[in-house]
Structures are given as C-alpha cells and as structure tokens.
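Please read it alongside the sequence and the coordinates.

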Amino acid sequence: FFFLHFPMLELYLGESVITWDLLCRALALVHIFHHVSYWKQIVPLVGPDGLSPLAERLQTKGTDMSALQKLKQSPHIFWWVEASDQNLLRLCQLGSLFSLLILLAPHLFWFLWFPLLLSNLSLYFGLGPFILQTEPLFVEISFLMCVSSPLVYVTSIRSPLYMIGWSFDTENMYGTTIGLWTMRWLIGRMMFSAGAVKWYGSPRWRKGTAMDIHYYTQPLLNPLSLFFHRVPHVLHKWSVWFTFVIEGPLPFLILFPSAILRWVTLFGFAGLMLMINISGNYAYLGITTAAMSLSVLSDEILPTWMITIVQTAVHFTSLPVLIDRASLPTPINVLVLLFELLIIVCVVAVHVIVFMLGVNSVLGKLKRQSPPLVRYFVSKFDNMFYPFVNGYGMFGSMHDFRHEIMIEGCDENGEWHRYQFHYKINSPDDNGKFLPLYYWPRLDWMIWFLPLRVPKSGPRIHPPVWFRN
C-alpha cells in the first residue's frame, strides 16, 4: 500500500533501460579517449627504449614469482605478453576498438567490458611512474560495468517489491536499477571524497583563498588560465564555496526521489567539470565525470527527445531472438534459472563488498575510523579488491609558487639549446595551449610535479630514474 501510493519511489527502484543505455554509451566514449590518448605516448613512456621500460620493471619484479603471485601483485597481460612497442600499441588500439563497439551497440557488445577491464588494468600497472588518478578510476568504472552488465543482459530480476508482495509489477526487470545505483555510489563517493580532501588539506581551502593561486599554479595552463587568475578576489572566494557545495552536500541529493534534485545534481557535477576544463588543461577528466553523472537520472525524468534517440539507436542495432526461452524443455529452463540465481548471488555479494570498501575509503578521507563491520570487510577483501576500489581527491595541497624545469642539450658546436615541450609552458610569457579532449600528455604533466618534490632544505635528492633516462 505504501509503495503503490508513492509513485516517486520509482526513482529508487524503477527500471531505467534508457538511462542505462545512455550511461553505457557515454562511458564507452570516454574509454575511447582514454585509449587513444596513449597511441602517441605509451611507446616513448614505457616501451623498450622508453623513459621507464615496462619490460625491465617486470624482469626485476617477477623473476621468482608464481603465476598466482604475479596476478595478486599486479594483474595485467604483460606478465605473459612481451611488452614490445607493437604489443603496447595493440593494447591501446584494441581498447579503442572494444570501446567503439560498446558505444555503437551496448546491448550487443556488453561482454567487451571484460577485455576492457583487462586493458585498463594493464595500463594501470604498466604505466608505472606515469599514472594519475584517471587510471584507477577507469579500472573501477570498467570493473563495475563488468559486475553490473550480467544483471541487465543475462539475468531477469523481478522488482524487489514484487518479490515481497508489495507490488503487482510482473513485467519490468531491475538489473538496470542495481547497475545505476552502483555507478551513483561511485560518482557520489568520488565527488564527496574530493571535497573532503580539500577541506582537510590546505588551509587555503577553508579560508576561501585557494582559487587566488590555483589558476597559475595548476599543472598545465591554457590561454584562458590567465583570464581566470585575474578576476576579482570575491569571485575566487565564491568559486571556493561553490566547489564545496558541489563536492559536499550535493552528492547526497542522489538519495532523494525528486526529479528536480536529480537534475540539479547532474548539472552541478557537469558544471564544475566544465569550469575546470575551461580554466585548465585536464583533457577528458571532465567528460568522464559528466558521463558517470548520467547515472543519477532515471527513465521517468528523461525528456522525450532523448528517449526517442536512444530507442531509435537500439532499434537499428537489434538482432532477432534466436532462442525462445519458453520453448525450451523444463530441465533446461531449470538449469538456466539456477545459472541466473548463481550470477545474481555472486554479483550482489561483490556489490556489498565494493560498498563496504568504498565506505572505508570515504571515512579515511574524513579522517574517521570505520565501524567494526566495515573493518571486517576491509580485513577480508581489501587485498583482493585493491585495484577495483580506490580513493580519489585532487588539489588537497596548494602552493603559491610555480617553478618550471627547463631541459637543454648541447650540439656538436658546443652551443646549448632549450628543448620545447608541447603542452608545458616553456617561458614566463607562455600562456599555454588548449589540449584536445582525447589527449592527456603524461610527460608534461609529470614534470610539473618534480619541483614540488624538491625539499626546501636538507639533503639534496636525485631526480627519478625516468627523468634521468
């Protein structure tokens, strides 16, 4: 009676096939960007003649390890496939191809999330010193899609309300509901953790002065960074509090069954990412966050034109049903049902573990101790799931200076010449360039970190091996 008279609770438990399809296509698009970004840089970064050769690192690590130990330490394909230039490029090209197929028809190629997960894991562990927070994020996204997709495309889950007799819904399948709530948990946890890292990080955030220095000290400037740096201080202060609102209370609006609040959450997340990408060079980070934010929607609140476009795309890529399940013999139907139940039990168990480990991650950002039940899950499953549940948060520490490393080389005549970076600024008068959305230059980005790691006093430190190479 309660649920039948409160239809807005469909935002909690209603089937959302269109929203799920949109989410799959958006995440596949950013996976294309993620893999295409490495086409030009993975070989000079970690190839056999690169700055940090992957083959050499594997040779020093895995000499006395069994296959199981290798998988536990770093699950990727290069334990068994040679980390040559061609294989590194093939990994990026295949990842781009698999992502494109999912983008075109997620209901047909959903199983390609599994090789995409392997590709993301190989990039995560293979890039070594050049990874950023995007690598673990893409691992977690593809892992959650692997876990959730079987519930949508393999099993037939009835409404939880129907199972307990509180609803007469016998048609809708609710695998999409579980999958969307899983992604909502990830985007909410990621945004809230980003706010917590800032609040407990530099005092400049709590004083409202962080944006006074952010625009000219961020990693890669673009031509608009100087404009944003010169806006009045009051606007900088408002933007700090605006950021805290979006990365603080706004993620909790996902829990409310209100169409207006869901749209506010989506536009809040996407708007913040848009401002970040306009004022600095962050490639596809903003699009990735916006794509994940689509999960806060549901079919009940989508505009008609969006539903029509998705339905048309699905219609042109649909295949006829080859096997009618109702025509199968009873013993086979029973086996299929048992198989579906096994998938459901395993997937739900994984979701519970992911949720508990995520709670522990968020509480860690808040500098709070986890409750006993969460600590129990961490003690049992943290080592097993460590690549799949990660902590997030950027710009917790702020600095009011910008030191740039310049690299020079001497020619045969004894004259010294300065190397020019493609995207890192090369002189005090350089205002930077606009990055294409599909490209994230790791060398330029990582060199920005080096001056921050030089101690102001004490013994001199040596630059990392990849820099000396």
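## Nonpolar cores

In the largest nonpolar core, which holds 98 residues, Leu27, Met183 and Met292 touch the most other members; a nonpolar core is here a set of buried Ala, Val, Leu, Ile, Met, Phe, Trp, Tyr and Cys residues joined through side-chain atoms within 4.5 Å, and buried means under 20% relative accessible area, with exposed over 50% and partly exposed in between (1.4 Å probe, protein chains only). Leaving aside residues up to four places away in sequence, Leu27 touches Trp113, Ile141, Met145, Met183, Ala291 and Met292, where contact means heavy atoms within 4.5 Å. A second, separate core has nine residues, including Ala210, Tyr215, Phe244 and Met398.

This is a predicted model, in which local features need pLDDT of at least 70 and side-chain atom pairs count only at pLDDT 80 or more, while totals for chains, interfaces and linings use all residues. Residues are numbered from 1 along each chain as its sequence is written, and side-chain values use heavy atoms, with hydrogens and water left out.

## Overall make-up

The chain has 21 helices and two strands, these being DSSP runs numbered from the N terminus (helices: H or I, at least four residues; strands: E, at least two). Of its 469 residues, 48% count as buried. Among contacts between residues at least 6 apart in sequence, 74% join residues that are at least 24 apart.

## An enclosed helix

Helix H20 (residues 442-449) is largely enclosed by the rest of the structure, because six of its eight residues are buried. The buried residues of H20 are Arg442, Asp444, Trp445, Met446, Ile447 and Trp448, and what covers them includes helix H3 (42-46), helix H8 (134-153), helix H12 (211-217) and helix H21 (465-468).

## Cavities

Two cavities of 30 Å³ or more are found in the structure; a cavity is a set of points, on a 1 Å grid over the protein atoms alone, where a 1.4 Å probe fits but cannot get out, and lining residues have an atom within 4 Å of a point. The largest cavity contains about 40 Å³ of space, a volume being the space filled by probe spheres set on the points, with grid points joined across faces, edges and corners.

Trp448, one of the buried residues of H20, also belongs to the lining of the largest cavity, together with Thr217, His399, Phe401, Arg402, His403, Pro451 and Leu452. This lining divides into four nonpolar, three polar and one charged residue, where Ala, Val, Leu, Ile, Met, Phe, Trp, Tyr, Cys and Pro count as nonpolar, Asp, Glu, Lys and Arg as charged, and the others, Gly among them, as polar.

## Salt bridges

The whole structure has eight salt bridges, each defined as a side-chain nitrogen of Lys or Arg within 4 Å of a carboxyl oxygen of Asp or Glu. Asp21 pairs with Arg25, the closest N and O atoms being 2.4 Å apart; both lie in helix H2 (residues 17-36), four residues apart, about one turn of the helix, and both are buried.

Arg189 and Glu140 form another salt bridge, at 2.2 Å from N to O. Because Arg189 lies in helix H10 (residues 175-199) and Glu140 in helix H8, this pair ties together parts that are 49 residues apart in sequence; Arg189 and Glu140 are both buried. Asp400 and Arg204 also form a salt bridge, with their closest N and O atoms 3.6 Å apart. Asp400 lies in the loop between helix H19 (372-385) and strand S1 (408-410) and Arg204 in helix H11 (residues 203-207), so this pair ties together parts that are 196 residues apart in sequence. Asp400 counts as partly exposed at 45% relative accessibility, and Arg204 counts as partly exposed at 26%.

## Backbone details

Most residues other than glycine have a negative phi. Ala283, although not a glycine, has a positive phi of about 50 degrees; Ala283 is in the loop between helix H15 (259-279) and helix H16 (285-293), and counts as buried at 3% relative accessibility. Lys367, also not a glycine, has a positive phi of about 60 degrees and is placed in the loop between helix H18 (330-365) and H19, where Lys367 is exposed, with a relative accessible area of 57%.

Conventions
1 Å grid on protein atoms, 1.4 Å probe; cavity = no way out; pocket = protein on both sides within 12 Å on 5 of 7 lines; lining within 4 Å.
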